[in-house]
Amino acid sequence: MSAFNKERFMRQGYIVLEQGLTAQDMQMLETASADLYGHSGQLLQQLQQSGASLNDFYQQNLDELIVVPEIDDPLKVCRYEYIKGYNPVIREQLVPKLQGFIKALTGDDFVLFKDKCNAKNPGGGAFEPHQDVIAYNHLKPNFHVTVAIFLDEATLENGCLFFPENYRRDLEGHDYALQNTPNGELPILPSYDGGSSHGAIQQEVVERIQWQPVEAKPGDVVIFDSYVPHYSEKNASDKSRRAMFYTFNAQHFGDFMMSITT
């Protein structure tokens, strides 16, 4: 990892590694994705036929792939989680490579905190501007790093990610709560508490930030920390935009993977 990438990650809170994954890596992920989506669909059919709730099923099947259906279609996969626990190829080949990326950026060892794959089906998948740290603040680690991998091209039309060019610069002169992290003191921005926008950054703060789209091709890797604001818009195309997200915490905090997924 170059010194430029390290400095940019420290300053912006994210970097893009163009073609960070090889063609062989992507072929492995496509094969794994086909298996994971197929199994996800089978689980949703099984649940509908049995009449069991998702909560009851997963209380009795702790090692199973976690599947979330679309709100308007109980048989359509919206996302799946706990990929590492279910798929040994990703666990043994991909996760160590992602840990190597993060160690090269931070100098620390990180362990997997959670993982998921979003289908981002046509017409869905918008996420308001937010900081991931807000969702994780009830657990001990106060700093996480997420690696996003795109199985399909991410474009403006199908809902790519948006990040600030430099949000700390944009918000200079404003008094926000600061958290001591491995990347220095980082702000926790005011967010909504409750309602449909729960956890989203308050609009007056959003408007101070200069946002830019981050389009990506299959094989590109986007690495970002849990403080950098980001969002995505709906998928306005006629095809799904699949993206995997692997979130890690520093190893010295401990292993929280099972506490997140169960």
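In the predicted model, the largest pocket is lined by 40 residues, and those that lie nearest its centre are Lys116, Asn118, Phe127, His130 and Asp132. The space within this pocket amounts to about 1,100 Å³. Several elements give two or more residues to the lining, namely strand 2 (66-70), strand 3 (73-81), strand 4 (110-118), strand 5 (127-130), strand 12 (230-232) and strand 13 (243-250), together with helix 6 (132-136) and helix 9 (257-261). Of the contributing elements, helix 6 supplies the largest share of the lining, with four residues. When the lining is divided by class, 15 residues are nonpolar and 15 are polar, while ten are charged.

Two of the elements that contribute to the pocket lining, strand 5 and strand 12, also belong to an open sheet of four strands, which are arranged in the order 5-12-7-10 with antiparallel pairing. Strand 5 and strand 10 (211-214) each have a single partner strand and stand at the edges, so that one side of each is left without a neighbour in the sheet. On average, and with direction ignored, neighbouring strands of this sheet are turned by 25° against each other.

The pairing of strand 5 with strand 12 is antiparallel and extends over two bridges. Within this part of the sheet, Phe127 stands opposite Ser232 in strand 12; Phe127 is also one of the residues that lie nearest the centre of the largest pocket.

Definitions and conventions
Residues are numbered from 1 along each chain as its sequence is written. This is a predicted model: local features need pLDDT of at least 70, side-chain atom pairs count only at pLDDT 80 or more; totals for chains, interfaces and linings use all residues. Side-chain values use heavy atoms; hydrogens and water are left out. On a 1 Å grid over the protein atoms alone, a cavity is a set of points where a 1.4 Å probe fits but cannot get out, and a pocket is an open set with protein on both sides within 12 Å along at least five of seven lines; lining residues have an atom within 4 Å of a point. Grid points are joined across faces, edges and corners, and a volume is the space filled by probe spheres set on the points. Ala, Val, Leu, Ile, Met, Phe, Trp, Tyr, Cys and Pro count as nonpolar, Asp, Glu, Lys and Arg as charged, and the others, Gly among them, as polar. Two strands pair if DSSP finds at least two bridges between them. Axes are lines fitted to C-alpha atoms, for helices over the stretch in contact, and angles run from 0 to 180 degrees between N-to-C directions.
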